[in-house]
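Please look through the sequence and the structure shown here before reading on.

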Amino acid sequence: MNAKKISAVLAAFVLLQTLTGCKANEAVQEDTAKEEIPEETADAETAAAYTMDYMVLVNKLNPLPSDWEEKLQTEHFTNSIGEDVEVEVNAYHAYLDLKKELEDEGIYVDLDSARRSVEAQQKIMDDFTAEYGADYAAKIVAKPGCSEHHTGLALDLYLIVDGKDIIYNEDLVTYPEIWEKIHEKLAKYGFILRYLPEKEHMTGYAYEPWHIRYIADPATAAEITEKGITLEGYLGVAKETEPEINLGTSSLYTEEELNEMAILIKCQFAAWNGSELQSLTYAGDEKANQETLDFINELSEGTTCVKAAEFLMNFHSPRENSGALNPDADYKDYQWYLGCDEEGSWEIVSFGY
Ligand SMILES: [Zn+2]
């Protein structure tokens, strides 16, 4: 596990990508259109009979289809930092074409990670469980079966700038102008940017400029990109919404810190089965008091929180499969409690009324 990967794991912790969802949703999987590989991309290296559903949806609510791994055909290569990377065969050739066009414009990229098997993800989960216990592992490791990287169609790019490998997430985000140029070219090769800014409540992930997803058809990729929508929204499994986010004013927390808390909440909300987020509001400094902190520390197991915050959410529950929620109902001022430990890392401690 290299530093980038550790960094990614920590980022996952910070974002509290907890994996409450991941319920099998057969209907969604079946509804997704099965697409033949377009003739022009099925080159000599690709087996003639090979077909994959390039529009497959894998997220916190939709696990990898059970027959995916036995059908999957991949290519391996060694990246510039000497690691083996495995990519779905057609995604790999599309990536090489994209990389070539970028190089012609002086932009150099490589792949940090692409395909990760369910078994490999399970091993990471088992190792973390052995070392830190099941609760902690469940908090920071993506649930095996529910990572888009299982498909072989999700690619994490890194940059090579002035001959130097830029692999850490916190460094990669400092090159927005390079990412913008890369993102402009994705659709032409059948890729989309998967985790868009401000769409955490639908995708379950914070903005990742490096995580691209192969969907094969350039026209569909162009349509999704031009509309600025998510794969969830395009497939119709979640309503494409732009909730109102009110961070208010605070003398305790910076806007950046409040935004980080809001993203945590939105990422967790995305794992709820089809609820629609309407608004999220910081409840104010007066709610970030000792009483709230005591309440949070009573609930949070193990960690001692030194700071507290409350958010209020308005949302609408789904008509079907609403779980513990009333179906097709409006929820107003639903409460979210967050706590921050001594290291400065925020987490959601509780939500409800
Ligand atoms: Zn990724």
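Strand E8 and strand E9, the latter spanning residues 276-282, pair in the parallel sense over three bridges, where two strands count as paired if DSSP finds at least two bridges between them. Within this pair, Ile-245 stands opposite Leu-280 in E9. This is a predicted model, in which local features need pLDDT of at least 70 and side-chain atom pairs count only at pLDDT 80 or more, while totals for chains, interfaces and linings use all residues. Residues are numbered from 1 along each chain as its sequence is written.

The two strands belong to an open sheet of five strands with mixed pairing, in the order E8-E9-E10-E11-E12. Its edge strands, each pairing on one side only, are E8 (244-246) and E12 (346-352), and the twist from one strand to the next averages 25°. Strands of a sheet pair through backbone hydrogen bonds, either parallel or antiparallel.

Two helices lie across this sheet. Helix H12, residues 255-269, lies across E8, E9, E10 (305-316), E11 (330-341) and E12, and runs at about 55° to E12; helix H13, residues 290-299, lies across E10, E11 and E12, and runs at about 90° to E10. These angles run from 0 to 180 degrees between N-to-C directions, with axes that are lines fitted to C-alpha atoms, for helices over the stretch in contact. In the protein chain there are 13 helices and 12 strands, taken as DSSP runs (H or I of at least four residues for helices, E of at least two for strands) and numbered from the N terminus.

The largest nonpolar core has 79 residues, and those with the most contacts inside it are Leu-155, Phe-191, Ile-192, Met-261 and Phe-311. Helix H12 gives the largest share of this core, eight residues. Domain 1 (3-235) and domain 2 (244-352) both contribute residues, so the core lies between them; the domain bounds come from an automatic or database domain assignment. Such a core is a set of buried Ala, Val, Leu, Ile, Met, Phe, Trp, Tyr and Cys residues joined through C-beta atoms within 7 Å, a residue being buried if 20 or more other C-beta atoms, placed from the backbone, lie within 10 Å of its own.

How far can the model be read? The mean pLDDT of the protein chain is 87, and 86% of its residues reach 70 or more, pLDDT being the predictor's confidence in each residue, from 0 to 100. Over residues 1-44, however, the pLDDT is below 50. Where pLDDT is low, the predicted coordinates should not be read in detail.

Methods
Contact = placed C-beta atoms within 7 Å. Buried ≥ 20, exposed ≤ 12 C-beta atoms within 10 Å, placed from the backbone.
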